[in-house]
Amino acid sequence: MMEYVATAIYLASVPLWLAIWASADGFKLMAENRLLLIPLLLGIAYLGGNALLTFAFTGVGDISYEEARFAYITDRAMIAVQATASVLIVATIVYGLTIKRVPVNFIRFMVYSFIAILGVMAPLLWVPIELPGMFYVLRHLQSIALNMGLFLCVAGITVLLRDLLTHGDAKINVGDWETSD
């Protein structure tokens, strides 16, 4: 039963992902930055892929198995938080010393990323030990938040790099990003 709940949660998360993307102005920004299509589509692919996996390979493990899966999610979350914080710090320093203004769209994506990872994925929800199915559903909810946070971070970095290329002295051609400052 919980496998179907997890599958339904993944399927419901796809329109949520699209709504979050729209709220972050992702669709509007894609008109001038086609590389933003990559994190958008990867987000959908991972949500859909996890929905298929939870549907095709059913089975809730025992308590120890389900609890052990949280360590994997936590390790990934630590990488995400460190990477996101590092990008934010470096961007602030680079922009503070050179361009003087960090792109608002970058900040928006990073804020959404932090909300997904720290505000949705990281908080604790105590599940009674007698309910391994709840552990199963919780780890899938946390996986959704983590994946969304990661792809929002990737989108933010994409916006930042585009802005750096636009304002920098580099002469680089990356797809549709030709700079000639």
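The protein has 6 helices and 2 strands, where helices (H or I, at least four residues) and strands (E, at least two) are DSSP runs, numbered from the N terminus. This is a predicted model, in which local features need pLDDT of at least 70 and side-chain atom pairs count only at pLDDT 80 or more, while totals for chains, interfaces and linings use all residues. Residues are numbered from 1 along each chain as its sequence is written, and side-chain values use heavy atoms, with hydrogens and water left out.

Going along the sequence, the pattern reads α-α-α-α-α-α-β-β. Taken along the principal axes, the C-alpha atoms fill a box of roughly 60 × 30 × 25 Å. Of the 181 residues, 37% are buried, with buried meaning under 20% relative accessible area, exposed over 50% and partly exposed in between (1.4 Å probe, protein chains only). As for contacts (heavy atoms within 4.5 Å), 74% of those with a separation of 6 or more come from residues 24 or more positions apart.

Now for the helix pairs. Two packed helices are described by the angle between their axes and the distance between the axes. Axes here are lines fitted to C-alpha atoms, for helices over the stretch in contact, and angles run from 0 to 180 degrees between N-to-C directions. Helix α1 (residues 2-23) and helix α3 (residues 37-56) have axes that come within 8 Å and cross at roughly 170 degrees. The two are therefore roughly antiparallel (over 145 degrees; under 35 counts as roughly parallel, 65 to 115 as roughly perpendicular and the rest as oblique). On the α1 side the contact includes Y10, W17 and W21, and on the α3 side it includes I44, L47 and F55.

H140 sits in helix α6 and touches A6, Y10 and T54, leaving aside residues up to four places away in sequence. At 9% relative accessibility, H140 counts as buried.

Helix α4 (residues 63-97) runs for 35 residues and reaches 52 Å from its first C-alpha to its last, close to the 51 Å expected at 1.5 Å a residue; the expected span is 1.5 Å times one less than the number of residues. Its buried residues include I63, E66, F70 and Y95, and what covers the buried residues of α4 includes α5 (104-121) and α6 (132-167). The axes of α4 and α6 come within 10 Å and cross at roughly 20 degrees, which makes α4 roughly parallel to α6.
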